[in-house]
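User: I would like to go through this structure term by term, with each label set against its cut-off.

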Amino acid sequence: MRQPRRLCRQSTCILRSKKYRAGICFLLPSLLGVTIFVLIPFADVIRRSFAATITETWVRLSNYAAVFQNYAFQLAAKNTLRFVAVCIPLLILISLAAAVFLHRQIYGHYVKTAFLLPMAIPTASVVLLWKILFHENGLLNGSLSKLGISGADWMNTNYAFWILAVVYIWKNLGYTIVLWMAGLASISADIYDAAKVDGAGEWKIFTKITVPCLLPVLYMITVLSFLNSFKVFREAYLVAGDYPHESMYLLQHLFNNWFTDLSLDKMAAAAVIVALVILILILMLQRVWDREEKK
Amino acid sequence: MGRKVAFLVLIITALIVCYPILFILAGSFMGEAEIKNYLLPMLTDSDAFVTWQLIPEMPTLRYYVELLLDSPEFFRMFWNSVKLVVLILAGQLAAGVPAAWALAKMKLPFPRALLFLYIILMMMPFQVTMLSNYLVLDTLKLLDTHSAIILPAVFSTFPVFIMHRFFSSVPEALLEAARIDGAGELLIFVHIGIPLGSGGIISAMMLGFLEYWNLIEQPLTFLKTKSLWPLSLYLPNISLENAGIAFVSSVAAFIPALLIFIGGQDYLEQGIVASALKE
């Protein structure tokens, strides 16, 4: 009996030590679920990304090469990056302007509620509106024609990308305003008072005090907006289906179509690529967080 | 003066932001003839344009009655959605609250690495986890069942992270005092942790509700049988020919989310802030 017991103590000393026992019991159900549903299968995905789908033979990097050379992947990655590059700066600037303003308004709270509301509306509930608004004979073209401007077939031309951008900003504006306002609230009023006593103007106060104090929030907002930007797939899919106009063909469309074709090898490689890009982003975020902590 | 103008601009923007809700509400109170009349240019090939009124000319509850009395399909999808959301949130509570407390206040081996793992996982979009989810669900023979949606969502690390942020702010001195009085870890968790962290638990559940009431990608991938679909996936399939029913269903899908939103806007905002800011 002694021998196995000692072995057990060596290999599971962490689990056995009394210091950690309670904490591990609390964490275990969650960690076990995460391991079964995420960690182990993702390890399998990494393995598959180096193997052929059916024969499961080792193919080294050829799946990755196939993904990078795939026209649909290039298109989807380009659109996703373009979407991020256009929408995030727009969203950040618009929400900052709104937050700086609302911050000092008595009724700001109510206006903020209005901006936050789109977050609560299920995508499916407003799909009908997007369809009616942006149809070739739809409301938007109707309004434009009254002004003497000829419209476009919004969802089937390059405008589709911009429609998606507007929908994204509409949906995320409130979320971002709340974040900015929390950042603004954390700047102490004393600094402002001191600056005013020294005779600084509104613009100078904004650029020299407000903006520097908001920088850490800016990093956070950028990363969260980036992650929320993946969710516009819902709007794109519900309005335009599996194969939308190519200007709004996103990575999730591509994954869905590969899934339907059972191109699991390409899916595996692409999932690893996207995960890596996001991991790098999170490491950057973590550095900012740590720097904040040291302050 | 300039401030007043700017405030006016903001209010007008806010109204534009809320326009979609008013639009859908208006449509839900219209009769068949009125909707057909407005939407005709989209249903036929013509050069005319769609028009719209935010106040129906002849308001009617006809489609509401039809939805309540004569649409078993809608109810099945509605209950699918309710079932999915309730079970997911219950599972997240059961597994997530103790985990968040452990990460925030208990002794763990490699605490920073564990927390970092949870943060990484919470930020992965569905396209990254799609194939791995599929592989494990296929192995467990869960594809095309509600469990395929529920189980992976129960172990989402996002609520754990949000609750962890709130639990972290519980003062350490309080826990020390309780330990000196001889309270065990479970007792401390139940009598100090849960009451003081309840704001975080509610915030996480609210963000979760809005997320899971809105499920699209997961049921689309893992549920082949249409009768298992949640409302969020079924709604857009109602064609414009049945616009009346589509409008009323849209309102019905929106109401639970709206009630949650009105009831807990402050918690929602706290949750949003917790997701980004370091105290």
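**Labels and their cut-offs**

Analyst: In the contact between the two chains, 81 residues come from chain A and 81 residues from chain B; two residues are in contact if their C-beta atoms, placed from the backbone, lie within 7 Å. On the side of chain A that touches chain B, helix α3 (residues 18-48) of chain A gives the largest share, 18 residues. By class that side has 61 nonpolar, 15 polar and five charged residues. Ala, Val, Leu, Ile, Met, Phe, Trp, Tyr, Cys and Pro count as nonpolar, Asp, Glu, Lys and Arg as charged, and the others, Gly among them, as polar.

This is a predicted model, in which local features need pLDDT of at least 70 and side-chain atom pairs count only at pLDDT 80 or more, while totals for chains, interfaces and linings use all residues. Residues are numbered from 1 along each chain as its sequence is written, and chains are lettered from A and ligands numbered from 1 in the order in which they are written.

User: How does the radius of gyration of chain A stand against that of a compact globule?

Analyst: The globule rule is 2.2 Å times the number of residues to the power 0.38, and the radius is taken over C-alpha atoms. For 295 residues the rule gives a value near 19 Å, but chain A has 25 Å. The C-alpha trace of chain A spans about 85 × 55 × 35 Å along its principal axes.

User: Why is A120(A) called buried?

Analyst: A residue is buried if 20 or more other C-beta atoms lie within 10 Å of its own, exposed if 12 or fewer, and partly exposed in between, with C-beta atoms placed from the backbone. A120(A) has 24 other C-beta atoms within 10 Å, so A120(A) is buried. A120(A) is found in helix α6 (residues 108-120) of chain A. Not counting residues up to four places away in sequence, A120(A) touches L210(B), A257(B), L258(B) and F261(B). Of the 295 residues of chain A, 38% count as buried.

User: How do you know that helix α12 of chain A is mostly covered, and what does it pack against?

Analyst: Eight of the eight residues of helix α12 (residues 233-240) of chain A are buried. Among them are R234(A) and E235(A). The buried residues of α12(A) pack against α7 (123-134), α9 (159-185) and α13 (251-261) of chain A, together with α12 (217-222) of chain B. Just after α12(A), G241(A) takes a positive phi of about 80°.

User: What makes helix α10 of chain A hardly covered?

Analyst: Helix α10 (residues 189-197) of chain A has nine residues, and the count of buried residues among them is zero. Just after α10(A), G199(A) has a positive phi of about 85°.

User: What is meant by a nonpolar core, and which residues have the most contacts inside the largest one?

Analyst: A nonpolar core is a set of buried Ala, Val, Leu, Ile, Met, Phe, Trp, Tyr and Cys residues joined through C-beta atoms within 7 Å. The largest has 169 residues, and L164(A) and L179(A) have the most contacts inside it. Helix α4 (residues 72-105) of chain B gives the largest share of this core, 14 residues. Leaving aside neighbours within four places in sequence, L179(A) is in contact with V217(A), M220(A), I221(A), I272(B), V273(B) and A276(B).

User: How are helix α5 of chain A and α13(A) arranged?

Analyst: Helix α5 (residues 71-103) of chain A and α13(A) pack at an angle of about 150°, with their axes 8 Å apart. That makes α5(A) roughly antiparallel to α13(A): angles over 145 degrees count as roughly antiparallel, under 35 as roughly parallel, 65 to 115 as roughly perpendicular and the rest as oblique. Axes are lines fitted to C-alpha atoms, for helices over the stretch in contact, and angles run from 0 to 180 degrees between N-to-C directions. The residues of this contact divide into six nonpolar, two polar and no charged.

User: Why does L262(A) count as exposed?

Analyst: L262(A) has 10 other C-beta atoms within 10 Å, so L262(A) is exposed. L262(A) is in the loop between α13 and α14 (264-294) of chain A. Its phi is positive, about 60°, although L262(A) is not a glycine. Most residues other than glycine have a negative phi.

Technical notes. Helices (H or I, at least four residues) and strands (E, at least two) are DSSP runs, numbered from the N terminus.
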